[in-house]
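Here is a short briefing to read alongside the model. Please keep the 3D view open as you go through the points.

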Amino acid sequence: MSTPDDAYLQWLESQSMLSAARERARLYAGQARLWQRPYAQARPRDASAIASVWFTAYPASIVTREGGSVLQAMGDEGLWHALSELGVQGIHNGPTKRSGGLRGHDFTPTIDGNFDRISFGIDPALGTEEEMLQLSRMAAAHNAVVIDDIIPAHTGKGPDFRLAEMAYGDYPGLYHMVEIREEDWELLPEVPPGRDSVNLLPPDVDRLKDKHYIVGQLQRVIFFEPGVKETDWSATAPVTGADGKVRRWVYLHYFKEGQPSLNWLDPTFAAQQLIIGDALHAIDVTGARVLRLDANGFLGVERRAEGTAWSEGHPLSVTGNQLLAGAIRKAGGFSFQELNLTIDDIAAMSHGGADLSYDFITRPAYHHALLTGDTEFLRLMLREVHAFGIDPASLIHALQNHDELTLELVHFWTLHAYDQYHYHGQTLPGGILREHIREEMYERLTGEHAPYNLKFVTNGVACTTASVITAALGIRDLGAITPADIEQIQRLHILLVMFNAMQPGVFALSGWDLVGALPLAPEQVEHLMGDGDTRWIHRGAYDLADLDPDADTSAEGLPRARSLYGSLASQLQSPGSFACQLKRILSVRRAYDIAASRQILIPDVQARGLLVMVHELPADKGVQITALNFGAEPISETLCLPGIAPGPVVDIINERVEGDLTEDCQLTVNLDPYEGLALRVVSTALPM
């Protein structure tokens, strides 16, 4: 193996993200610009005031005009007319920067939907920087903002990682990677032909820990797949360094082997430079106002004397997120986190960290309520939000996204496994409650009852919102869905919209929700699931604006999903469609500023399928009540709502009087199966 020549090393550095970040940093040095805004504290309500209804796109699934790019499609004027009419105020693009890997001078494709970033530049497969800027302009013209992604936990195997392998400059400090002395290479497995690394088996990791090379096995193995990924560590093949020395490295990857983890406590502070540079580039070059911090809970790992390494809930993750979120606020943006950890971690990392957090707390719980017709676990989780001091207005309440429906319920798995919870008249330890909920959901969502949904390793279920609903309705054969079934599916879908949209914070929905997408058949995406990633079945292509009605695939080659509702453009021409009902709900949400309300009560109820959420509206608009029936039976129940001034109760969506809140704080609600009501108490009492 020959020593890399200087020209190649210089080319790699010119292509690297660390070099780009350092160049960008010089634009801010000694300037006043970054000292004009508050940055120390998270500002969730300011963030949601910018945009409280988000459309979350998935670039690989978007159908484009023939010969057009994904970014052109996302910036299409017709699409934006439809999104604006619907009430969308922000578009979360999903990751659009170049991702994947590099071999020699050849770039290799992404292995995880562009979550393996290797450049600040736009991925040529998705479009150009000019098209990204046009998308930002189109959003602004429709009073909306662009929401982009930062990935502080890892990169792909691009120029930065290749320079790190060659021990060039500060680049090894970017990654959690350790050089293994040649006399210990016998501890490492051989790398198969055609590969540049190989996953380590648990005994290999234990031996390297005993030799004091690495921290050892982590608390869990995300993407665990026997024979593919059994630990979070991989070993490189021999690599000739810039100095001519041949080395083998062992590196950490929380996710896939092609996503090496960044080292947030290396003396070079290279990781901080790279990620903050990426954030400033997204704000100042591509026009983003909000940035997602993806996988931001995994920035710290620490060896323990006994057991697995400390890798979740680590203080370094809190510190790292404060640095990153503070830099984003200083530059005029906001951030949000997708943190599937304990509620403790979500709360801790929000103190000075990300402004908003994805609602992984109630997301599996509302699906459980739909599948079982029982809202007790959902009510428990809504109350846990308050118990840990989290403002519901700091949460992003979402329907489907690109990931699986997570059923890990990490909160009850780790810190709270032995805490006691009252559920169905029993007192259960958190770990037992977790297993009970998981068993119920797996049984109803997969297998014989719903063969079209697939388990996603140990994390949850690959499914669409529509296929959660078909499972709840007992529909086993998606090919036999009737028009009456579609009407019922739409009814349940609107119920889930009301749960998420009729509470404070951000409401987010996907293109798959808007068209009523069903999962793809596994054989359609078999070539993408070789590493056990079943999520591809719920990422089918969709065409919101009828850009190419005859296209069978997206621009990225994903097969078109079966759409139960039709395109967004066609639905908006059809009263009674899913989109038209959604439009009405969102207009009411905006009129009463429910996003800025305060959740003041989750009352006890008698009916198994009933959920009630009570909110204090801003600007002395009174009290709003969301009442939802997650069951198949009608409900008539009298609620006790103490502390709320009496008065007539109005259905604010259908604009009719529903009854009265009496002097003794009682309100009777009547709900058909799977019906939701958004009510407002029109109190005659004068505000204090």
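In this predicted model, Thr406 stands opposite Gly460 in strand E21.

**The three-stranded sheet**

- Two bridges join strand E17 to strand E21 (residues 460-462), and the two strands run antiparallel.
- The sheet they belong to is open and has three strands in the order E17-E21-E20, with antiparallel pairing.
- Its edge strands are E17 (405-406) and E20 (454-456), each of which pairs on one side only.
- Helix H15 (residues 430-445) packs on this sheet and touches E17, E20 and E21. The direction of H15 makes about 20° with that of E21.

**The eight-stranded barrel**

- Eight strands form a closed barrel that runs E1-E2-E7-E13-E14-E15-E16-E22, with parallel pairing.
- On average, neighbouring strands of this sheet are turned by 30° against each other, direction ignored.
- E1 is joined to E22 by four bridges, and these strands run parallel. Within that pairing, Val53 stands opposite Phe507, while the bridge partner of Phe55 in E22 is Leu509.
- E1 is also joined by three bridges to strand E2 (residues 90-92), again in parallel. Here the bridge partner of Trp54 is Gly90 in E2.
- In a regular strand, side chains alternate between the two faces of the sheet. In E1, Val53 and Phe55 lie on one side and Trp54 and Thr56 on the other. These four residues are all buried, and both faces of E1 are covered.

- How far apart should the ends of helix H20 (residues 578-591) be? At 1.5 Å a residue, its 14 residues should span 20 Å, and the end C-alpha atoms are 20 Å apart, which agrees.
- H20 lies across E1 and E22, running at about 165° to E22.
- The buried residues of H20 are Phe578, Ala579, Cys580, Leu582, Ile585, Leu586, Val588 and Arg589.
- Those buried residues pack against strand E1 (53-56) and strand E22 (506-510). They also pack against several helices, namely H5 (77-86), H17 (483-501), H18 (511-515) and H19 (568-571).
- Just after H20, Asp593 takes a positive phi of about 50°.

**Helix H9, largely enclosed**

- Helix H9 (residues 270-284) has 15 residues and reaches 21 Å from its first C-alpha to its last, close to the 21 Å expected at 1.5 Å a residue.
- Because 12 of the 15 residues of H9 are buried, the helix is largely enclosed by the rest of the structure.
- Among the buried residues of H9 are Gln272, Asp278 and His281, along with Leu274, Ile275, Leu280 and Ile283. The buried residues of H9 also include Ala270, Ala271, Gly277, Ala279 and Ala282.

**His416 in its loop**

- Where does His416 lie? His416 is in the loop between helix H14 (410-413) and strand E18 (420-423).
- Is His416 buried or exposed? Its relative accessibility is 8%, so His416 counts as buried, the cut-off being under 20%.
- Leaving aside neighbours within four places in sequence, His416 is in contact with Asp344, Phe388, His411, Tyr421, Gly430 and Gly431.
- One of these contacts, Asp344, is 72 residues away from His416 in sequence and 9.8 Å away in space, C-alpha to C-alpha.

**Pocket and cavities**

- About 1,100 Å³ of space lies in the largest pocket.
- The largest pocket is lined by 48 residues, and the closest to its centre are Pro109, Thr110, Ile111, Asp112 and Asp116.
- Strands E3 (97-99), E4 (101-103), E5 (106-108) and E9 (197-199) are the elements that give two or more residues to the lining of this pocket.
- How many cavities of 30 Å³ or more are there? The count comes to seven.
- The largest cavity has a volume of about 410 Å³. It is lined by 27 residues, of which Phe255, Asp294, Phe298, Asp403 and Glu404 are the closest to its centre.

Key
Residues are numbered from 1 along each chain as its sequence is written. This is a predicted model: local features need pLDDT of at least 70, side-chain atom pairs count only at pLDDT 80 or more; totals for chains, interfaces and linings use all residues. Side-chain values use heavy atoms; hydrogens and water are left out. The expected span of a helix is 1.5 Å times one less than its number of residues. Buried means under 20% relative accessible area, exposed over 50%, partly exposed in between (1.4 Å probe, protein chains only). Contact means heavy atoms within 4.5 Å. Two strands pair if DSSP finds at least two bridges between them. Axes are lines fitted to C-alpha atoms, for helices over the stretch in contact, and angles run from 0 to 180 degrees between N-to-C directions. On a 1 Å grid over the protein atoms alone, a cavity is a set of points where a 1.4 Å probe fits but cannot get out, and a pocket is an open set with protein on both sides within 12 Å along at least five of seven lines; lining residues have an atom within 4 Å of a point. Grid points are joined across faces, edges and corners, and a volume is the space filled by probe spheres set on the points.
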